[in-house]
Amino acid sequence: MLIAAGQGGAVFTHNFKIWLLTVVPMEKTTLIFLILVLAALMYYLARTKSVRLVEGRCSRLHSLPVYYGNYAAMWFLFPGLAVISLWFSFEDSILTHLIVSGLPVEIMSQSAEQLGLFMNDVKNVVNGTSSESEDVLRAVGKYRELSSTSNQIMAFVTLVVSLVGGWLAYSRIAPGFHARNHVETWVRYLLILCSSLAVLTTIGIILSVLLESLRFFNRIPVTEFLFGTSWSPQTAMRSDQVASEGAFGAIPLFMGTLLISLIALSVAVPVGLLSAIYLSEYASPRFRAIAKPLLEILAGIPTVVYGFFAALVLAPAIRELGSRIGLDVSSESALAAGLVMGIMIIPFVSSLADDFINAVPQSLRDGAYALGATQSEAIRQVVIPAALPGVVGGILLAASRAIGETMIVVMASGLTANLTFNPLEAVTTVTTQIVTLLVGDQEFDSAKTLAAFALGLVLFVVTLVLNIISLYIVRKYREQYE
Amino acid sequence: MNDSTSDTGGKSITTLEKVKASLGKRRAAELRFQAIGLVSIMAALLFLVVLLGSIVGNALPAFTSTYIGLDVYLDPEQIDPEAKRDSASLAGGNYDACIKAALARSFPDVKDRSQKRALNALTSSSAPYQIRDMVLENPGLIGQTRRFWLLADDTVDQVLKGSIKRSTPESERKIKDHQLDWIDQLSSQRRIKQGFNVTFFSSGDSREPESAGILGALSGSFLTLLVTISLSLPIGMAAAIYLEEFAPKNGWTDFIEVNINNLAAVPSIVFGLLGLAVFINFMGITRSSPLVGGLILTLMTMPVIIIAGRSALKSVPPSVRDAALGVGASPIQAVFHHVFPLAMPGMLTGAIIGLSRALGESAPLLMIGMVAFIVDVPEGIRDPATVLPVQIYLWADSPERAFVERTSAAILVLLAFLVCMNGLAVYLRKKYERRW
């Protein structure tokens, strides 16, 4: 291409405009990709600069050239990514706000729920479905327009911030500059940030569950929730009906959970413990090498598979068996769910118990044999009592697993709250109720949905306590024989 | 030790005699105890066999489906009355009428309206789309008569597979006697065949069992797992490295450690509540999208990856670090250039096991709306989607026998993926395991 010198500037600005038009209104993924590519370029430039400054004698540099490159790339990348992620988290709510405030008055004066539904319609149309409502279509037009403007501004801001950051870093590069220390400090911060995420998750869980629960307890007193014996969260259709707010006494749910967990534990504890004893004390190494992984497969099968099995195979079989011997078994009996759940948690009991039985020093066994005990006597009277704390820890972990298990009970246990201890009847559990209360519901202000969070809080606290106790016991016990 | 004697009823018995007398009993107890242990292992393994056996047994029929061969006249009047031949008008053609006409030609003696409806019910409601897709690909077919192998309704399929028994009284059957006669006529004309169920692997969910497939759920699972991997793997590894290699022993790191151990044992449904409150209500990410699902699964998988990663780092001997530091590496260089690469296989093994758990997870995803009935195959992480385990849950709720088969088949596919992932983990461990 031949361009006369005088025209060069004009052509350049023209090209720049075209470039700006093609680049700026772009999607976030493209932008992120572009930023990454530019950061790689930045790395290359900075690295080359550092080598050029010392004319190739790298030993004169404070750090290896790589670090100068990384330093500049980092300062290019981080500010840009920060802008994008900020935009990402706030864009949607700001756009929604802008659109809602621009809506016709009769729509704006609707309740918050209807507005939410309206906005859902709008977003569905944006994502490709069709709609007849003119208001929706108008809002969609505005949404598209606003979001493309927003994308443009975001792309511009991101690029500017990145370029400024990258340029500042680039200009600081000098032979005596301690690039490695800077990069390593950043790496260290990044690592700390990543490991703090676990704490953030916990805080997130506690806050989200607690705040919604508090809103729930504003409407329903805590005492009624914890000690009430009637649970029917379905609010009545007409407000003049009795119990229009529903009843939120969670005792039947706690009892149901307890019943199913007890059934599960009464399967898992004996089977798991005896298997662990057999595997660690009697089995030949070959048998152990085959049987142990096979047992652990039980823990790897997705719970939805167990639920399917409990609901479609075991429950009908138990019902059939019951009707043959003259018992009336519910088709969603606690027994089916509990049995299957028990089988699921066998590996939790057996593998922990196995660990702890193996940790009991051989000298204790030898002592028992020397006194004339048979192997089973040694196990029952010496090894198991010595391993007991660990075994109890394992059982507690299994119990917390059973209480928190969701899919099996959702698929195989009942939905109606039933205050009973008869394993042949249908009971409902805390987790089942959380799922049924929340699935398919999009509003978050009714007592019904908030109740799910209160149940979640109870579940979280109970399992947390069980976990902490068992982790404490297990840790204490490990120290004992080490 | 002296032989102690005890005096009982004037007769003296030595301890040795007592022991000898009880020996038989004790030996029997020993054998009993051993047998009980063996029985309990066998019981657990037997259950595993029954579980897998019943699922495989249920699943196998789902891999074939029934097709009915019909000579369909692609009537230009019905398909494209205005003869425009562009894809929009072809897509809107009335292919159903062509099929009905073909059926009427095959069974000319069926006149009654309700009988006709029963006859038309033999083919799947998705059969018109089958013809439509072929016509869209090749508009030259219009005006010709062609033999199409159309998907049969699931009741026909079930009759041929024997799940609906002909011996049950007509009133309790989903399929009527005259429909059975038609099926017999068709099969005597060799116009019914059973073939591999392609639909199951090539289409999304459907209300009709015969046209329901797992492709939508599979790609939803894939996208969700993609989000999970790309977030949980780097973050988990970074956290493991910090906690194991750099963290000073103080209250804060102890707190983080307790936190991580607890998070690994928090019920998965609580993560669903977190996702609902934070990602959907607070941050406003689209419901039922793989993005939200992936974020939740990331939070669930991270503790597992961190715990596995730390034990992998711990197994790298300190001499490696010392040697690196000794030749002048900075602590970060020592870790990233020497310790981390050595611990990598172990970390990956743990990560794969955590991710395979995430793949089978469904409870938290129910909370965030991945249970919606979604026909389209998701193409991006913000499209509404469902995942394989949730699809299994949804189908398990459907009463049709054909859905029971398809649920089992979907479970088999899910288990196959899990076996592959765990196999990969075992392979990695075997191949790169080093003893120092």
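Reader: Does B:Ser288 count as buried or exposed?

Author: The model is a predicted one. B:Ser288 lies in the loop between α12 (268-282) and α13 (290-314) of chain B. A residue is buried if 20 or more other C-beta atoms lie within 10 Å of its own. Because B:Ser288 has 22 C-beta neighbours inside 10 Å, B:Ser288 counts as buried.

Reader: What is the phi of B:Ser288 near?

Author: Most residues other than glycine have a negative phi. B:Ser288 is a residue other than glycine with a positive value, and its phi is near 55 degrees.

Reader: In which order do the strands of the open sheet of chain B stand?

Author: Strand β3 (residues 64-73) of chain B is joined to β5(B) by five bridges, and the two run antiparallel. β3(B) also pairs with strand β4 (residues 145-151) of chain B, over seven bridges and again in the antiparallel sense. The open sheet has three strands, and their order is β4-β3-β5.

Reader: Which strands stand at the edges, and by how many degrees are neighbouring strands turned on average?

Author: In the open sheet of three strands with the order β4-β3-β5 (chain B), β4 and β5 of chain B each have a single partner strand, so one side of each is left without a neighbour in the sheet, and these two stand at the edges. Direction ignored, neighbouring strands of this sheet are turned against each other on average by 40 degrees.

Reader: Which residue in β4(B) does B:Leu70 stand opposite?

Author: Individual residues can be followed across the pairings. B:Thr64 has B:Phe196 as its bridge partner in β5(B). In β4(B), B:Val72 stands opposite B:Arg146, while the residue opposite B:Leu70 is B:Phe148.

Reader: Which helix packs on the sheet?

Author: The helix touches β3 and β4 of chain B, and its direction makes about 135 degrees with that of β4(B). It covers residues 127-137 of chain B and is helix α6.

Reader: How many other C-beta atoms lie within 10 Å of B:Phe201?

Author: B:Phe201 is placed in helix α9 (residues 199-202) of chain B. Leaving aside residues up to four places away in sequence, B:Phe201 touches B:Gly213, B:Ile214 and B:Leu215. The C-alpha atom of B:Phe201 is separated by 9.5 Å from that of B:Phe63, 138 residues apart along the chain. B:Phe201 is partly exposed because the number of other C-beta atoms within 10 Å is 14.

Reader: How far apart do the centres of domain 1 and domain 2 of chain A lie?

Author: Chain B is divided into domain 1 (64-196) and domain 2 (215-432), with 46 Å between their C-alpha centres. Chain A is divided into domain 1 (14-177) and domain 2 (247-480). The C-alpha centres of these two domains of chain A lie apart by 49 Å.

Reader: Which helix gives the most to the side of chain B that touches chain A?

Author: In all, 65 residues of chain B are in contact with 70 residues of chain A. The residues on the chain B side comprise 48 nonpolar, 15 polar and two charged. With 17 residues, the element of chain B that gives the most to this side is helix α1 (residues 15-59).

Technical notes:
Residues numbered from 1 in each chain as written. Chains lettered and ligands numbered in written order. Predicted model: local features only at pLDDT ≥ 70, side-chain atom pairs only at ≥ 80, totals over all residues. Domains from an automatic or database assignment. Contact = placed C-beta atoms within 7 Å. Helix = DSSP H or I, 4+ residues; strand = E, 2+ residues; numbered from the N terminus. Nonpolar A, V, L, I, M, F, W, Y, C, P; charged D, E, K, R; others polar. Buried ≥ 20, exposed ≤ 12 C-beta atoms within 10 Å, placed from the backbone. Pairing = 2+ DSSP bridges. Axes fitted to C-alpha atoms, helices over the stretch in contact; angles between N-to-C directions.
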